[in-house]
Amino acid sequence: QVRLVASGGGLVGPGGSLRLSCAASGFTFSSATMNWYRQAPGKERERVAGISPAGIITDYADSVKGRFTISRDNAKNTVYLQMNSLKPDNTAEYYCNTRVYGVENWGKGTLVTVSS
């Protein structure tokens, strides 16, 4: 069973930082592209960042370029999202995602709230 569990969210003030983690199991993590998505109430799900299996290729939504960094540690089966210079409109539930065996997999998300 594919399992994806995000953690590290919480309440942070504008301009602050958070580091999200996603622990993965049930598939060959080192062969899988990993993604971070987010969804705020009333808005469509949005892909925030992606990273190739070896971590060589990364891409980001335009709105987070220069502020967010995706990385991975294949020895730990974990993907990270470092979020700096956070803004109130970054408030959302953040999810880790991967497509393996032709199926999209979504796990437990973590809530990020950016507010004074």
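I began with charges over rings. Arg19 lies over the face of Tyr80, and I read 3.9 Å from the ring centre. The model is a predicted one.

I looked for another such contact and found Arg45. Its charged end sits over the ring of Tyr37, 5.7 Å from the centre.

I counted 2 aromatic pairs in the structure. One joins Phe27 and Phe29. Their centres are 6.3 Å apart, with 50° between the planes, and the pair is tilted. I checked burial here: Phe27 is buried, and Phe29 is buried too.

Next I took Tyr37 and Trp106. Their ring centres lie 4.8 Å apart and the planes meet at 70°, so I noted the pair as edge-to-face. That angle is over 60 degrees, the cut-off for this class. Where do the two residues sit in the chain? Tyr37 is in strand S4 (residues 34–39) and Trp106 is in strand S10 (residues 103–106).

Are Tyr37 and Trp106 buried or partly exposed? Tyr37 has 17% relative accessibility and counts as buried. Trp106 has 34% and counts as partly exposed.

Last, I turned to strand S7 (residues 68–73). Its side chains alternate. Phe68, Ile70 and Arg72 point to one face and are buried.

I then looked up the partner of S7. It runs antiparallel to strand S8 (residues 78–83), joined by 6 bridges. Phe68 stands opposite Met83 in S8. The two strands form a hairpin with 4 residues between them. In the turn, I noted Asn77 with a positive phi of about 50°.

Key
Residues numbered from 1 in each chain as written. Predicted model: local features only at pLDDT ≥ 70, side-chain atom pairs only at ≥ 80, totals over all residues. Heavy atoms only, no water. Phe/Tyr/Trp six-rings, centres within 6.5 Å; stacked < 30°, edge-to-face > 60°. Buried < 20%, exposed > 50% of the residue type's maximum accessible area, 1.4 Å probe, protein only. Lys NZ or Arg CZ within 6 Å of the ring centre and 35° of its normal. Pairing = 2+ DSSP bridges.
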